[in-house]
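Thanks for coming. I will go through one model today, starting with a helix and then moving on to the cores, a strand and the salt bridges.

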Amino acid sequence: MRILLIEDDAILGAAVRDQIAASNHSVDWVTRLDVATDHLGSAAYDLILLDVMLPDGHGVGFLRNLRMKGCATPVIILTALDQISDRIQGLNAGADDYMTKPFDLSELSARLNAVARRYSGNPNPIVEIGDLQIDLAARTVARGRRPVDLTAREWALLEAFIQRPGQVMSKAQLEERLYAFGAEVESNTIEVHVSRLRKKLGHSVVNTVRGIGYRLGNAR
C-alpha cells in the first residue's frame with residue numbers, strides 16, 4: 001500500500017513512518033494539511049493516517065472536506081483526544097478507524113491492514129489463487145502448501161494486485177504503490193519484480209495487458 005501520514009510530532013511521526021516501512025508499505029510523511037492537500041492532488045493513496053491537532057488546522061475539518069469532495073480513501077485518525085465525543089466527531093466526519101495516543105505500533109499495523117482489506121472487498125485475510133495460499137495478515141505466501149519467500153517489493157506488488165482483482169494497473173500506478181516521493185526508480189523496476197513473482201509463484205499469477213499494464217491472473 002501507499003500511505004500518507006499526516007503527523008506533526010517529530011518523534012511519533014518518525015516511529016510510525018518506520019513501522020509502516022518495516023511492514024513493506026510505501027509512506028509519505030507530512031506535517032501540515034496544506035502539504036497533505038498537495039500530495040493528495042499528485043498521487044493516489046491507499047490509506048491516510050491523520051492527526052487531529054495540526055499547525056495549520058484541524059484534522060477532522062480536513063477529513064470532512066475530503067469526504068465532501070468525494071474522496072473515498074480510507075482514513076485512520078491518530079490523536080490524543082480520547083473523549084467519546086471526539087471519537088464520534090471523527091467517525092461522523094468519515095474516519096474508518098480511530099486510535100488514541102499513545103498506541104502500540106503493532107496494533108496500528110494490524111488496523112491499517114484490516115481497513116485496507118475491507119476497502120479491497122476482501123475482509124478475509126486468507127486468499128487462494130490457484131495453488132497459492134496468501135495470508136494478508138501474516139504477510140506469508142505458500143505454493144502447494146510450501147512457503148515461498150518474497151522480498152518486500154515483491155510482496156508489495158502482489159498485495160497491490162490482490163487489492164484490485166481484475167483491474168489493470170499501469171506501470172506508473174505500480175511504481176506509486178512501491179515507492180515514496182523522491183525515491184529513485186529505475187525504468188525497468190516493475191518488469192523485474194513481475195518477472196521474479198512469476199518465477200516464484202507461477203507464470204500466470206500476473207497477466208500482461210499489452211500497452212496498458214498488468215493485472216492479477218491465476219497461478220498454476
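Contact here means heavy atoms within 4.5 Å. Helices (H or I, at least four residues) and strands (E, at least two) are DSSP runs, numbered from the N terminus.

Before going further, the ground rules. This is a predicted model, where local features need pLDDT of at least 70, side-chain atom pairs count only at pLDDT 80 or more, and totals for chains, interfaces and linings use all residues. Residues are numbered from 1 along each chain as its sequence is written, and side-chain values use heavy atoms, with hydrogens and water left out.

Back to α7, residues 171-178. Which of its residues are buried? They are Leu174, Arg177 and Leu178. Buried means under 20% relative accessible area, exposed means over 50%, and partly exposed is in between, with a 1.4 Å probe and protein chains only. Viewed down the axis of α7, the buried residues fall within an arc of 95 degrees, so they line one face of the helix. That arc is taken from the directions from the helix axis to the C-beta atoms.

Setting aside neighbours within four places in sequence, Leu174 is in contact with Leu157, Ala160, Phe161, Met169, Ile190 and Tyr214.

**The nonpolar cores**

A nonpolar core is a set of buried Ala, Val, Leu, Ile, Met, Phe, Trp, Tyr and Cys residues joined through side-chain atoms within 4.5 Å. The largest has 26 residues, and those with the most contacts inside it are Ile134, Leu158, Phe161, Leu174 and Leu201. At least two residues of this core come from each of β8 (126-129), β9 (132-135), α6, α7, α8 and β13. Which element gives the most to this core? That is α6, with seven residues. Another core, of 20 residues, lies apart from this one, and Ile6, Val30, Leu50 and Leu63 are among its members.

Now strand β3, residues 47-51. Five of its five residues are buried. Two strands pair if DSSP finds at least two bridges between them. β1 and β3 run parallel and are joined by four bridges, with Leu4 opposite Ile48 in β3. β3 and β6 also run parallel, again joined by four bridges, and here Ile48 stands opposite Val75 in β6.

Thr73 is found in the loop between α3 (59-68) and β6 (75-79). Is Thr73 buried or exposed? Thr73 is buried, at a relative accessible area of 15%. Not counting residues up to four places away in sequence, Thr73 touches Tyr45, Asp46, Leu47, Ile48, Arg67 and Asp96.

Leu47 also touches Leu112, which sits in helix α5 (residues 105-119). Leu112 has 2% relative accessibility and counts as buried. With residues up to four places away in sequence left out, the contacts of Leu112 are Met1, Ile3, Ile20, His25, Leu47 and Ile76.

**Salt bridges**

Last, the charged pairs. Side chains of opposite charge can pair when their charged atoms come close. A salt bridge here is a side-chain nitrogen of Lys or Arg within 4 Å of a carboxyl oxygen of Asp or Glu. How many salt bridges does this rule give? The count comes to 14.

In the pair Asp56 and Arg32, the closest N and O atoms are 3.7 Å apart. This pair links distant parts of the chain, 24 residues apart: Asp56 is in the loop between β4 (53-54) and β5 (57-58), and Arg32 is in the loop between β2 and α2 (33-42). Asp56 is partly exposed at 28%, and Arg32 is partly exposed at 33%.

Arg111 and Glu107 form a salt bridge with closest N and O atoms 2.7 Å apart. Both lie in helix α5, four residues apart, about one turn of the helix. Arg111 is partly exposed, at 25% relative accessibility, and Glu107 is partly exposed, at 34%.

The side chains of Glu191 and Lys171 meet in a salt bridge at 3.6 Å, N to O. Glu191 lies in helix α8 and Lys171 in helix α7, so the pair ties together parts that are 20 residues apart in sequence. Glu191 is partly exposed, with a relative accessible area of 34%, and Lys171 is partly exposed, with 27%. Separately, salt bridges that share partners join Glu7, Asp51 and Lys101 into one network.
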